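Q: Could you take me on a close look at the nonpolar core of this model, and then out to the contacts around it?

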Amino acid sequence: MFHTEYKKLRVLKEKVFLFTIGALTLLAILPLFHIIISIFLKGVPVIAERGLSFITETFSNGGIGPAIIGTLILTFITTIIGVPLAFLAGTYAYEFPESFVGRATKVLLQIMLEFPTILVGTFIAGVVVFPMGTYSALAGALALAIILMPYVAIYTEEAMAEIPKIYKEGGYALGCTRTQVIFKVITKMAKKGILTGVLIGMAKVAGETAPLLYTAGGLYESYPTSLFEPIGALPLLIYNLVQSPSPEDHKMAWGAALVMLIIFLGIFVPIRYSLKKDIKI
Amino acid sequence: MNKILKNFDGFKLITTPAITVVFLLFASMLVFYFISSYPAIERYGIDLFIRNVWIAAEEASKEVYGLAAPIWGSIYTSIIAIIFAVPLSIAYAIYVNDYAPQKLKYPLIIISDIMAGLPTIIYGIWGALILVPLLRDHVMKFLYENFSFIPLFSYPPITGYCYLSAGILLGIMVIPFATAIIREAYAMIPTVYKEGLYALGATRYEATKVLIGYIKPAILSGFILAFGRALGETVAVSLVIGNSFNLTYELFAPGYTISSLIANQFGNAPIYQYMTPTLYAGGLVLFLIGLVVNIIGLYYLKRWRSHVSH
Amino acid sequence: MKKGVVLLLGILLIIPIISLSGCMGTEENTQPQETTTTELTTTSKTPVTIRTSGATFPKYQIQKWIAEYQKINPNVKIEYEGGGSGKGQKDFLMGLTHIGRTDPPVKEEMWKKFLETGDQPLQFPEVVGAVVITYNLPEIGDHTLKLSRDVLADIFLGKIEYWDDERIKKLNPEVADKLPHEKIIVVHRSDSSGTTAIFTTFLSMISEEWAKEVGSGKLVDWPVDKMGRGVGGKGNPGVINTLKSTKYSIAYTELSYTIENNLPTAAIENRKGKFIKPTTETIKAAVAGVKTYIPDPKEGYKEDTKQLLDAPGENAYPIVAFTHFLVWENKDHKHYTPEEAKAIKDFLRWVLTEGQKPENLAPGYIGLPEEVAEIGLKAVDMIKE
C-alpha cells in the first residue's frame, strides 16, 4: 500500500517535472518567434508599399540602399583585415597549446570574445577617428575587425584541434616543414570548420551597432565611394530611426529590420544546417 | 643547424607578428583607457566612482561627475537578467538533451543558435517598440497597483523604460548563451553515470536532479560568463533603460548602464573638459569588471572540464 | 605627453594596417565599382556630400531644405545627423561635420577652441523657431492650457505636483473639473541641448528662484528628477517619444514637433500679461518687436540667448529664438575641398534666400528678418573655395 502510494507520487513528480521544463523551454524560445513575427508584420507592409526602391533608393527617396551597401562593404573590409590575423593567431594557439604564449593567446582570445563592443568603438574613435578628423569606413572596419578576430581564431584553433594527430605526423614523416604541415595539410582538413568560423564572425559583425556609433559616421543620401570617408550601416540606421518619434521613421526602421533579419537568417540558417552532423547532443 | 632552421622559423616567423598584434592591441586598449581616463580620476578621485552626480558646465571649474548610478545600473540589470535566465536556460538545456523528441532536437538547437547570433539591434527595436509597452501595460502597472507596498515595485511605471525592462531584454539575450554552456557540460557527463542511475530504478526526474548536481560548477560558470556578456551589451539596453541618473533598487525606475551612458553622451562629451575622461573612466570600470568576471568564469569552466575528462 | 602616447598607440595600430593595405587597396577599388556603375550612371558629375550635425531644434526645417535642395541639385547629397547642439559644436570643432548646428550662439571659451584650430569659424542664424510647452492629458485632449509665468516655473521646479492644482484650475476654468488628480511628469532632454538652453534661459528670466536654484545651460540638473517625476529623452525626438507614451506628462520642445505629431501647445503669459499660443503670427510679432543686434559672423558672440526671448509686443509669443549654423572660413583648404566649399556655399546661399520663402519653410518655423539673412550671406561669401 505504502509502496504504491510512493510510486504514484514519484510518477506524479515526474509528470509535473516534464511539464515544467517543457513549458519553460517554450517560454525561452517564445521571444524569438515573437520577434520574427512582429518584424514581418510591421516590415512587410513597408517593403510591399515601396517595392524594390526600398532597397535601392537613398534615404530621402524612401530607401535604405546606401545602408545595405555600407554594411556589405564594412563586413568585407573587416574580413580582409581581421581574418588573416585571426587565422594566424588561431594556428599559433593550436600549434603551441602548452607553451605560455600559446595558452595566454587562447585565454586572451576568449576574453576578447566577451569584450564590451562599445569599448572597442570608443577606443577606435580615440585613436583613429579623432586624429584623422573624420569618421570613416576604415575606422568602422577596424573596430569590427577587433570583434571578428577572436571568433575566427577560436574556430580555427578548435577545428584544427579536431584533426587526428596522425595526419600531422604523416606530414612530418614525408619530410614537410612545419609551415607546410600546418598550412597545407591541417588547414585543408580543417577547412570547413575555419570557414564556418569566418562566416559566423561575418554574420556577427554585420549586425553590430555599438562599435560603429562613433566610428562609421553614417551615409544614407549617397553610395559610399571611399574608404576614408564616412559610411552608413543598416544597424546604425535602425538605431537612429528607432529613437525618432515620427511614425514615418519607425516604418523605415521596421522595413530595415526586416531586410536585416532576412539577410541574417539567409546566411545563418543554411550554415547551421550544413553543420547538422557536427552538433553535439 | 640547417635542419633546425628548416623546422623552426617558417611557421613562427609567420605567426608571431599576428600574435604580437593581438597582444599589442589588447595592451594598447588597456593603456589607452588608463591614460584617457586619468584626468578625471586625478581630479575627482574615488568620488568619481561612488557619487551619483552629473553636472556638465562649459566652465571646467563647475564640472562634477560621479559614475555611481551607471555602475550600479550595469550590475543591477545584469543580475536581473541572470535571475530571469537561470530557470529558462537550465530547462532549455535539459529538455533539448534528454527529453525533446528526436524530431525537435535539431530545430531547438538551431533556434538557440539563431537567438545567440541575432543582431542586437533587432532585439533593440523589438524591445523598445514592443516589449516595453507590453511589460508596462500588463506587468508593471499590475504590480505597481497591487504590490506597491513592496519597495521593489514602489516606483510608478511612467514610461516603462526602466531597470526591469533592460534586465528582461538582457535575460532573453543571454538565454541561448547560458544554454549552450550548460548543454555542453551536460553532454560531457559520462554515459556510465546516466546508465547507472536508470539501472538503480531512478525516474527521469530523479536522474536529472542528480546529474544537475553533478554539473553544478559548469552551470555556475555558465551564468558567470552570461553575466559578463550582459554587462557589456549596449545598443539594446540603451533603447530600453530610460537613460537617467537614478541610484535605486526600484525596478520600474529609469536608469543608466555604463555602456548606455557612453552610447548616449560620448557624442557631445568633448565640448566639456572632463566629460570624455569621465566616460573613458566608466569604460575602464566596465573593462575591468568584465575582465575579472570572464576570467573567473573561464577558469571555473576549464577546471570543471579537466576534472570531468580525467 | 598625453598626445605623444596617443600618437604612439595610433602608430602601433597603424603598422599592421599598412602591412595589410596591400591586399586591401585592390579590393577597395573593385568593391565600389560594382555599386557606382549601377547607381550613378544617370549623373555625369561626381556627387558631393555635405554633412551637417547637431541641434534637433530645426530638424524638420533642415530636412525640408535638404529634400527641396536635392531635388534641384541632384549632385549634392546632404547628410542630416541629429545629436543636439553640444554634439553639433563638438563635431564642428573636430572637423567631423561640415556644417555644425547649434541653437544658442557658441560661448566664448568654445569660440577660442575653434580659433585654436587655425581656421576662422563663422556663425550666423539660419531660421527662427519657438520653444513650446506640450502635454499629454487624455482628459482634455488638445485643449489649449493657459500657463502663467509663475505657474510654468513652479511646474518645472516641481512645486506644483498635481494637474488639478488650484493654480492651474484657476487659469483654466473651462477644463477645471476635467483636470485629473495625477502627478505631473516632466519630460526633459538627457543630452546637451540648445532647446534646453533656450528654455532654461527663459525660466531664469521670469523666475528668480529658477535662476538661483537651477540656472540655465545646455545641460541642467532638473529638480523634478530627484522627486521621481522627471524623465529624460534623447534629442527633441526622444522627448516627444517619451511624452507620447507617458500619460500626464509635460515637456518643452520646438513648435514643429507638436505640429508634426498633432500635439497640443500651451498658451504662455507674455510680458504684457497676455496668454499667447505659439503660431506663425505670434512668433513673427516677437521677432518684429525686437531690434536684434547680430554681430559680425567672424566675431562670434558671447552666449546671448536672451535676444528674442520675452519680446515686448502685445501679441508676441515669449519663447522665441534663432538657431545657428557654424561653418569654417576654410583658410588654406583646412576643412573643405574646393568642391565641398562650393557646394556648401551654394547650399547656404540658397537656404538664406530661397529657403526663407514660405513655400520652403516647414510648419513651425519663421523666416529670418531680411537684415539678419544679409549677415548670413556675408558670412557665406567669406568661405574660401
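A: Happy to. A nonpolar core here is a set of buried Ala, Val, Leu, Ile, Met, Phe, Trp, Tyr and Cys residues joined through C-beta atoms within 7 Å. Please keep in mind that this is a predicted model.

The largest nonpolar core holds 305 residues, and the members that touch the most others are Ala89(A), Ile238(A), Ala256(A) and Val320(C). Helix H6 of chain A, residues 137-161, supplies the largest share of this core, with 19 residues.

Let's zoom in on Val320(C). Leaving aside residues up to four places away in sequence, Val320(C) touches Val128(C), Ala130(C), Ile283(C), Ala286(C), Val287(C), Leu308(C), Leu309(C) and Ala311(C).

Now for the domains of chain C. The assignment gives domain 1 as 9-129 + 294-306 + 323-382, and domain 2 as 131-284. Where these two meet, 23 residues of domain 1 of chain C and 21 residues of domain 2 of chain C take part in the contact. On the domain 1 side, at least two residues each come from helix H2 (59-72), helix H3 (84-93), strand S4 (121-136) and strand S12 (365-366) of chain C. By class, that side of domain 1 of chain C has 11 polar, 9 nonpolar and 3 charged residues.

Finally, let's turn to chains A and B. Here 70 residues of chain A are in contact with 70 residues of chain B. Helix H1 of chain A (residues 2-50) gives the most to the chain A side, with 16 residues. Sorted by class, the side of chain A that touches chain B has 46 nonpolar, 14 polar and 10 charged residues.

Key:
Residues are numbered from 1 along each chain as its sequence is written. Chains are lettered from A and ligands numbered from 1 in the order in which they are written. This is a predicted model: local features need pLDDT of at least 70, side-chain atom pairs count only at pLDDT 80 or more; totals for chains, interfaces and linings use all residues. Two residues are in contact if their C-beta atoms, placed from the backbone, lie within 7 Å. Helices (H or I, at least four residues) and strands (E, at least two) are DSSP runs, numbered from the N terminus. Ala, Val, Leu, Ile, Met, Phe, Trp, Tyr, Cys and Pro count as nonpolar, Asp, Glu, Lys and Arg as charged, and the others, Gly among them, as polar. Domain bounds come from an automatic or database domain assignment. A residue is buried if 20 or more other C-beta atoms lie within 10 Å of its own, exposed if 12 or fewer, and partly exposed in between; C-beta atoms are placed from the backbone.
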